[in-house]
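Hi,

Here is the structure I promised to pass on to you.

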Amino acid sequence: MRYLLLVGVAAVLLLGTAPATPAAAGNVATGQAEIVLPTQSFVEAWSAQSENRRPFTGLLRLAGRPVVGAIVQVDGVRSGPTSPAGEFVGAVDSTLPQRHLVSVADVSAATVDGQPLTSGQRSALVAARGALNVAYSISGLKVARTPAGIRISGTVAQADQRPVPTVRIFSYRLTGRVTDANGRPVAGAIVSARTEDRGYWTVSEPTDADGRYVSLFTASDESSRDPVPFAIRIAVGDRLFGYLPDEEVYFKRLQSAVLDVRLPPPGFATALPAPVTQRGAVYQGIVVAASRDGRPVRPLQVSWPDARGRFAILLPAALAGSTVTLFEALRPVFSHFPAVPGGAFDLASWPAALDPTWPDAVARIALPR
Amino acid sequence: MDVGRFGRGRLVAILAAVAGVGLVIALATGVFSSKSGSEVGAQGPGTTTTAPLPSSGTGSQGAGATGRNVPTPFGPDDWGTYGGSYTQTRQSPLTLVAKDNVNRLGRVFSVDFRRLDRRVPLGEQSFPIVINSAIYVTTGSNFVFAIDGRTGKELWEFVPSGTAIFKNYGVNPNRGLAYCDGKLFMATLDMRLISINPRDGKQIKSVDISAAVPGARPEYGYSETQAPICYKNLVLIGAAGSDYGVRGFVEAYHTDLTPAWSTPYWTVPPWGTQWRSLIAIAGGGTVWNPVTIDPLTDIAYFSVAAPSPQYIPALRPGPDPRTNSLVAVDVFTGKQRWWQQQLGADSWSYGTSQPPLVYEATVLGKKRKIVSVGTKEGVWFAYDAATGQVIHRSVNLLNHNEHPRLSPGKAVVVYPGSIGGLNYSPSSFDPATNFVINSQAETASVLTQDDPSKVAKNAVLGDVRLGLQGSEFGYTPPGWHDFGSITALDVNSGTIAWKTVVPEPGRGGVTTTANGLSFVGGGDGNLRALDTKSGSVLWQFQTGFQIASGPSIYRLGGKQYIAITTGGTPTSSYGGTAARLDVFALGGDQTQSLPPVLTAAPLPEAGVIVQPTEYFGLGKDSRTVTFQAVTDASGKPLLNGWSGGKKVLLTIPHDWTVDVTLANHDATSTQGLVVVPVSGGRPGSSGTPAFSGAATTRPVPPGGVAYFSFRTGKEGSYALASTAPGRAAAGQWVAIKVVGADRPPTITIGSETYTVDVTQGRPS
């Protein structure tokens with residue numbers, strides 16, 4: 001289904017205004033560059049009968065005139081040149097909530113009204129940004145002041161009104177820091193772990209500049225042993241550090257852990273580390289929460305949607321009278337306590353910023369005074 | 001299973017035991033920075049020759065040209081892509097080698113990649129491509145070599161960055177490269193897509209596949225072992241990782257490694273939804289073998305592997321659509337045309353794995369464009385290429401094909417076994433006979449399904465639980481030996497025209513020639529040439545190593561060559577024994593090698609003492625041992641759980657170096673160690689080291705680590721003792737005896753003495 005341009009659509013973003021310049025002979029006057037996109041669409045159930053994409057048509061305009069021959073990119077994928085009407089086509093995944101980022105990739109061959117662009121016009125176009133939401137639908141919104149704060153509740157669902165997938169455990173987490181023999185952080189190291197009864201390893205992301213890593217962690221084996229023995233290895237470039245055979249590291253069963261590793265000087269055994277148990281696990285589910293001025297609003301409480309998609313957010317009373325928007329975040333989140341449908345979201349993992357790929361402005365709510 | 005990263009668990013455990021010596025495990029005696037990961041694409045020593053620039057077969061291309069009119073970048077004398085052609089029919093048009101002279105084939109050269117670079121791991125499943133006189137071939141851990149197709153001389157070597165992590169991978173093959181737009185393309189185990197300059201082996205660009213395919217990262221269980229396919233300047237890849245329950249996909253890239261499709265083509269639903277919602281590790285449906293393309297229609301076809309957990313369909317209820325399937329999409333957009341499932345609700349891991357073939361054949365008396373594929377179930381399917389209409393279904397290729405449903409706790413013998421009938425082994429179509437020639441594995445396994453609730457209990461991402469009791473992939477029934485067979489399937493009738501049985505499972509595939517020869521490598525080390533029409537073996541040559549790849553055929557200077565990698569895979573015929581390339585031509589040396597030993601080889605345990613001892617091993621340098629002391633977390637006066645020097649004795653030769661690591665796990669006490677003489681069966685109390693440097697130099701706080709090194713001196717009895725007040729007296733010490741220099745280092749625990757085997761050389 002193609003979504004056509006509608007004037008005044010909420011997803012239109014006007015950015016990249018170039019400074020006004022006297023029109024060069026034969027050139028269109030420099031003005032506002034805009035990427036015009038359809039309204040947000042709703043997440044659909046995955047189907048084996050298609051590639052599960054939603055095609056759309058967008059417009060690229062400069063001072064209200066179609067830009068022809070420009071290359072637009074959606075999530076980093078380049079479209080074909082814009083048409084004489086300034087149209088470009090794209091497609092996005094229709095089965096996952098995501099904010100799809102649209103920008104102008106190449107204007108070297110672009111024209112407006114048959115004229116090549118000035119450098120100011122090119123700059124304006126390249127600076128233009130747009131975004132297309134594919135989000136779960138939100139209905140039944142209610143807002144009320146309570147003694148505890150301002151409560152927002154509603155129901156989140158797929159396009160066919162079926163409930164969203166509920167929160168579930170994703171994995172446990174192994175995290176820590178890798179340092180060298182002198183205590184300096186080691187970047188680019190990969191920590192891998194394996195139980196005795198399994199031939200498969202989990203591997204971490206490469207350590208960052210501070211030597212820190214994060215890894216999925218199974219935290220159990222097929223026995224009922226507690227603590228659970230793991231083999232641990234650390235890969236740094238072409239060098240692999242391990243521990244003497246059968247020299248295992250023991251972890252508390254079904255809990256996350258912090259494992260700091262000190263790599264040895266050449267020739268020495270790698271010092272057996274002592275993990276620190278970290279209560280909690282990583283969960284994944286959709287969270288509906290409030291943002292304001294482009295930043296997430298830290299709630300007093302927020303719940304995971306329950307089996308029927310019902311959610312609730314409790315905001316501080318200080319926000320009374322303001323307007324907030326709702327965003328949706330689907331991502332793995334660490335929770336110190338079990339995350340269950342309808343249960344509380346661990347605010348220790350509250351994001352400091354909105355991820356640009358989270359659908360935002362899914363709904364707008366004026367909070368009561 | 002897609003054995004891209006993980007083969008049998010036992011092998012990985014053994015490899016882990018060999019590799020995990022508790023030392024820095026350098027891949028080349030400590031100094032390999034000339035080819036280190038930080039120098040991506042660096043040249044190896046002496047490899048400064050540039051390869052001839054591959055010329056296009058039918059015309060030149062502009063850099064970055066893409067679209068429907070891009071000509072093929074290789075010619076009829078080349079073997080320019082994994083399957084010889086985009087249709088994956090693996091037929092060479094070259095006919096200099098014929099039925100009446102094939103017995104004159106001999107080996108013209110051999111390349112031992114491990115001799116060129118000792119870091120190359122054992123095992124070979126790479127399918128070489130040959131373009132304008134250069135052979136481009138990969139090895140495990142993503143090394144790439146350019147070899148002169150006439151002489152076998154190394155032209156250049158590409159060394160991947162960060163190979164250490166690959167040592168974790170029990171089976172880490174790479175099956176080859178793609179070439180187009182003047183570049184070579186390879187997908188790496190750690191989920192990158194890279195482009196390489198074919199002239200000199202320098203890396204051009206590297207991208208994380210996850211940038212275009214969200215979540216497609218090694219941390220989530222993905223890996224790459226396949227050869228990409230580059231068609232009209234689109235590079236197409238899937239990935240491996242079904243065992244981890246990853247989400248299968250195919251993605252296309254421009255040759256500048258930017259994504260070409262608006263989204264990846266995902267084969268299965270998102271995580272945690274639909275049939276993936278019962279447990280966290282349900283998933284799979286990977287596309288771990290190369291994509292097939294019909295150049296006349298620009299339709300791409302690919303095989304989708306089994307869902308996971310492989311052996312327990314109850315944990316992924318229903319038919320798990322698009323797994324075990326053949327899918328057709330528009331190659332330029334990824335838009336789905338049709339799909340057909342070969343086996344739903346699979347409980348035997350009978351994925352559709354081999355690349356499909358697309359071709360025009362006589363089918364039921366009429367010429368028709370069809371696409372066909374064989375599966376791990378050992379059965380064959382053919383469909384109308386345009387519509388997916390079924391033409392032939394479940395044509396059995398195996399001698400014995402019987403697999404009852406599994407039920408928890410009940411041991412069941414299934415034919416074929418977990419390796420399957422047609423695993424990745426690619427087939428070939430011969431238009432002259434209208435036959436598809438398959439090289440398959442005749443296997444059996446005993447499978448005992450595990451209790452689904454036990455498999456599901458506490459399963460989280462990162463777990464691999466395939467669903468069997470006692471073993472990951474089952475075991476061979478007593479008295480059974482896996483073997484192989486080569487079949488000719490008459491596409492017209494959907495029946496087997498002939499079958500030739502061979503001693504070992506067929507893993508590497510078939511290449512035919514236009515004049516009626518079929519070349520097949522076997523797990524017994526033989527490269528065979530069969531008469532395509534009759535199946536008679538016209539020639540065979542013992543290469544000396546198991547073969548798990550397919551032949552590539554090319555012509556240079558008027559001579560026809562057949563190239564094949566040897567070394568095999570540990571998952572069949574006890575392969576994984578070498579990493580080599582053999583090239584044959586008429587008039588070559590007909591001296592054959594001794595056949596490979598088809599039994600499990602004892603693994604080296606250089607400098608390693610295995611169960612039950614710990615903490616003591618051969619050092620990196622000559623006449624060096626390492627020892628690790630770990631204090632008890634509870635604060636008890638123990639070292640490594642030992643007390644009082646009674647139970648454990650380290651025997652170290654005179655004038656040897658001892659590298660000591662102290663890990664202070666004691667949460668409350670500051671610690672230290674010193675080597676002192678023993679007096680009256682106890683550590684002396686002077687605290688003065690018996691040898692220079694034989695003590696920690698500073699207090700080690702709780703959680704801290706210290707290292708010190710000393711050289712053993714006078715023969716006699718000593719103690720490695722704690723310096724924390726009162727701890728040595730309470731038993732926190734280990735007995736050391738310095739003995740004659742002619743004796744090996746040993747560790748005695750109780751009544752058992754274990755010797756460090758110094759003759760095996762450095763640990764690797």
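**What I found**

Chain B has three helices and 49 strands, where helices (H or I, at least four residues) and strands (E, at least two) are DSSP runs numbered from the N terminus. Before you go on, note that this is a predicted model, in which local features need pLDDT of at least 70, side-chain atom pairs count only at pLDDT 80 or more, and totals for chains, interfaces and linings use all residues. Residues are numbered from 1 along each chain as its sequence is written, while chains are lettered from A and ligands numbered from 1 in the order in which they are written.

**Chain B**

Of the 764 residues in chain B, 61% are buried. Buried means that 20 or more other C-beta atoms lie within 10 Å of the residue's own; 12 or fewer is exposed, in between is partly exposed, and C-beta atoms are placed from the backbone. Among contacts in chain B with a separation of 6 or more, 65% link residues 24 or more positions apart (a contact: C-beta atoms, placed from the backbone, within 7 Å). The chain splits into domain 1 (9-56 + 82-586) and domain 2 (616-760), with bounds from an automatic or database domain assignment. The centres of these two domains of chain B, over C-alpha atoms, are 50 Å apart.

**Chain A**

Here the assignment gives domain 1 (13-135), domain 2 (137-168 + 282-366) and domain 3 (169-278).

**A strand to zoom in on**

E6(A) runs antiparallel to strand E7 (residues 77-81) of chain A, joined by three bridges; strands pair if DSSP finds at least two bridges between them. A:Gln73 sits opposite A:Arg78 in E7(A). Two residues lie between the strands of this hairpin, where A:Asp75 has a positive phi near 55°. E6(A) also pairs, antiparallel and over four bridges, with strand E9 (residues 98-106) of chain A, where A:Val104 is the bridge partner of A:Val72.

Cheers

Terms used:
Two residues are in contact if their C-beta atoms, placed from the backbone, lie within 7 Å.
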